[in-house]
Amino acid sequence: MTTTGRATAFRGQLSLPLTLLLIAPLVALLAWTFFLPIGRLLLTSVTEPTPSLDNYRRLLTEPLHLRVMLRTLLIAFGCTVSALLLGYPVAALMARPGRFWPKLTAICVLVPLWTSALVRSYAWIALIGRRGVINTALIDAGLIAQPLNMLYTSAAVLVGMTHILLPFMVLPIFSALLSLPADLPRAAANLGAGRVRTFLTIVLPLSLPGVFAGCLLVFVMALGFYITPALLGGPRTLMIATLISQQATEALDWPFAGAISTVLLLMSVGLTVAFRRVLRLDRVVAHD
Amino acid sequence: MTSRSIGEWAFRAACLLVLVFLMLPTLIIAPMSLSPDNYLHFPPPGLSLRWYRAFLFAPDWIDATLFSLQVAALTMVASVLIGTAGSVALVRGRLPGRQAIEALLLAPLIIPPIIVAIAVYLQFAPLGLTGTITGFVLIHTALAVPYVVLVVSAALQRLPPSLELAGLNLGASRLTCFRRIVLPLIAPAVLAGAVFAFLASFDETVVSFFISGTEHKTVTRKMFEDIEFNLSPVIAAASTLFVVATIALMVVANASRMASKPQKN
């Protein structure tokens, strides 16, 4: 055995051939079912129907498509802001010492997270649809004569998506607040700061990494969201993801769908890579 | 009442409203599934199990559910095998470009599912893989395996290499060491990863929607179609069953993952 070989074995490391053998199925699977198809889809956007950037020119000049992109950005931004406003207090409650409130909060955050987006979108339809719970109740109470049109609007998409993305805002903020030393707010209080001042000068600044991670995660996920806009938005509230699906399945214009996919991918992956340090995806997935 | 306690009550009330908002859709489905009539009423005028019966005796719902369970079970096995092997290589191996592989592993979690769906459809259709169990298991495993790798490699990192070294020094082979020492210690994490992979497959909607065939469709595809075209309370009954099963599985997975962690304090 060579010196380096022995040193390697001594640290409990595997040899290079064994390592490669163990990782090969993983790499091959991801390469063939994931990266290769996506690469090919993106490539068709510049090679078909002719090798040119025509698909991108079309995407950036047609008002309809620009409107869809603008709407997507606005809804994603709206989701982020509303999730932050709703999520911060909940994360603060969850990070408090005690038994009852933190537990209750954790259950209310995790149960929806474990319920599929499809089921939750269906529940929103049942709630706000023309014959839904809210309209039936209002009509029965004599408050309105005609059902309100709440479904198939941007507002419906915004509410449904905020609901689905809210746990992804709460968990990173919770994690940041939990790692905040309890002595700091107490020290501030001892030095005479009120609750508001303690929050603004101590707690809020120290929880900003969590806030930032939550906002980024929610915004990136909202950009590419498909199920909720497809079910709650209807044909009038197209977002980027539903536009991609429409171009691929109805217009059968795969290269153009590829071009829109490229733009969406550049935005989501670009943001994630640019801010990967704050994002800590592994933590979000494992939600510690 | 002092201003402090007023603020505290306002804070709790605001939080409670958000919690109600979070739980509302999940909580509204169960009573709806017990409604005796065709339209969705809340509160239901009476209680009936007819939509559960309708679900259990509808061949199309049962076929789709069984197909989804089959895909999810195979995906779980494949992800655990591939993912655990990969985790061992990533944590214990000497791997050039380890960080690049780790970064690429997160891609399935970041890339919007619609892009994956369209791309995979284009790749699978000419090969006749759409609507086949092989096709579903391939792409679902690619989407689920990162969860297994994240959970299992975290557990491996917490495991001191000295345990394996002791085994190796006492003359055990690599494989024996893994089987007798490492595997029992990371078993809770592997179990948690298996549950995550199973659920990732069973819940997967967008890619399944695009690669489903007329014969073989997943229950998520069936649900998606029914929500769009005929909003029957059968969906509520099916959803309730799935939500209850999912929560039970996640509780098991989290308990298992917690058990694999060193005790805090």
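Three cavities of 30 Å³ or more are counted here. A cavity is a set of points, on a 1 Å grid over the protein atoms alone, where a 1.4 Å probe fits but cannot get out, and a residue belongs to the lining if it has an atom within 4 Å of a point. Grid points are joined across faces, edges and corners, and the volume is the space filled by probe spheres set on the points. This is a predicted model, in which local features need pLDDT of at least 70 and side-chain atom pairs count only at pLDDT 80 or more, while totals for chains, interfaces and linings use all residues. Residues are numbered from 1 along each chain as its sequence is written, chains are lettered from A and ligands numbered from 1 in the order in which they are written, and side-chain values use heavy atoms, with hydrogens and water left out.

The second largest cavity holds about 50 Å³ of space. Its lining includes Ser116(A), Leu118(A) and Val119(A) from chain A, and Phe202(B), Asp203(B) and Phe242(B) from chain B. Two or more lining residues come from each of α6 (117-128) of chain A, α9 (174-203) of chain B and α11 of chain B. Helices here are DSSP runs of H or I with at least four residues, numbered from the N terminus. With three residues, α11(B) gives the most to this lining.

Phe202(B) and Phe242(B), both in that lining, also belong to a cluster in which ring pairs link them with Phe55(B), Trp61(B) and Phe198(B). Rings of Phe, Tyr and Trp (its six-membered ring) pair if their centres lie within 6.5 Å; planes under 30 degrees apart count as stacked, over 60 as edge-to-face and the rest as tilted. Over all chains, the structure holds 16 aromatic pairs. One of them is the edge-to-face pair of Tyr88(A) and Phe199(A), at 5.8 Å centre to centre and 85° between the planes. Tyr88(A) lies in helix α4 (residues 63-94) and Phe199(A) in helix α10 (residues 195-223) of chain A, so this pair ties together parts that are 111 residues apart in sequence. Tyr88(A) is buried, with a relative accessible area of 11%, whereas Phe199(A) is partly exposed at 31%. Buried means under 20% relative accessible area, exposed over 50%, and partly exposed in between, with a 1.4 Å probe and protein chains only.

Another pair is formed by Phe212(A) and Phe275(A), which is edge-to-face because the ring centres are 5.3 Å apart and the planes stand at 85°. Phe212(A) lies in α10 of chain A and Phe275(A) in the loop between α13 (254-274) and α14 (276-279), so parts 63 residues apart in sequence are tied together. Phe212(A) is partly exposed at 38% relative accessible area, and Phe275(A) is partly exposed at 31%.

A pocket is an open set of points with protein on both sides within 12 Å along at least five of seven lines. At least two lining residues come from each of α4, α8 (154-178), α9 (183-190) and α10 of chain A and α1 (3-33) of chain B. The largest share, five residues, comes from α10(A).

Rings also meet charges. A charge sits over a ring if NZ of Lys or CZ of Arg is within 6 Å of the ring centre and within 35 degrees of the ring normal. The charged end of Arg58(A) sits over the ring of Phe256(A), 3.8 Å from its centre, and that of Arg221(B) over the ring of Phe209(B), 4.4 Å from its centre.

In chain B, Ser232(B) is placed in the loop between α11 (219-229) and α12 (233-259). Ser232(B) is buried, at 14% relative accessible area. Its side chain reaches the backbone nitrogen of Val234(B) at 2.9 Å. Leaving aside neighbours within four places in sequence, Ser232(B) is in contact (heavy atoms within 4.5 Å) with Tyr122(A) and Trp51(B).

Two loop residues of chain A remain. Most residues other than glycine have a negative phi. Tyr152(A), in the loop between α7 (133-140) and α8, has a positive phi near 60°. Leu252(A), in the loop between α12 (240-249) and α13, has a positive phi near 50°. Tyr152(A) is partly exposed, with a relative accessible area of 39%, and Leu252(A) is exposed, at 57%.

Key
A polar contact is a pair of N or O atoms within 3.5 Å; within protein, one must be able to donate a hydrogen and the other to accept it, and residues adjacent in sequence count only if both atoms are side-chain atoms.
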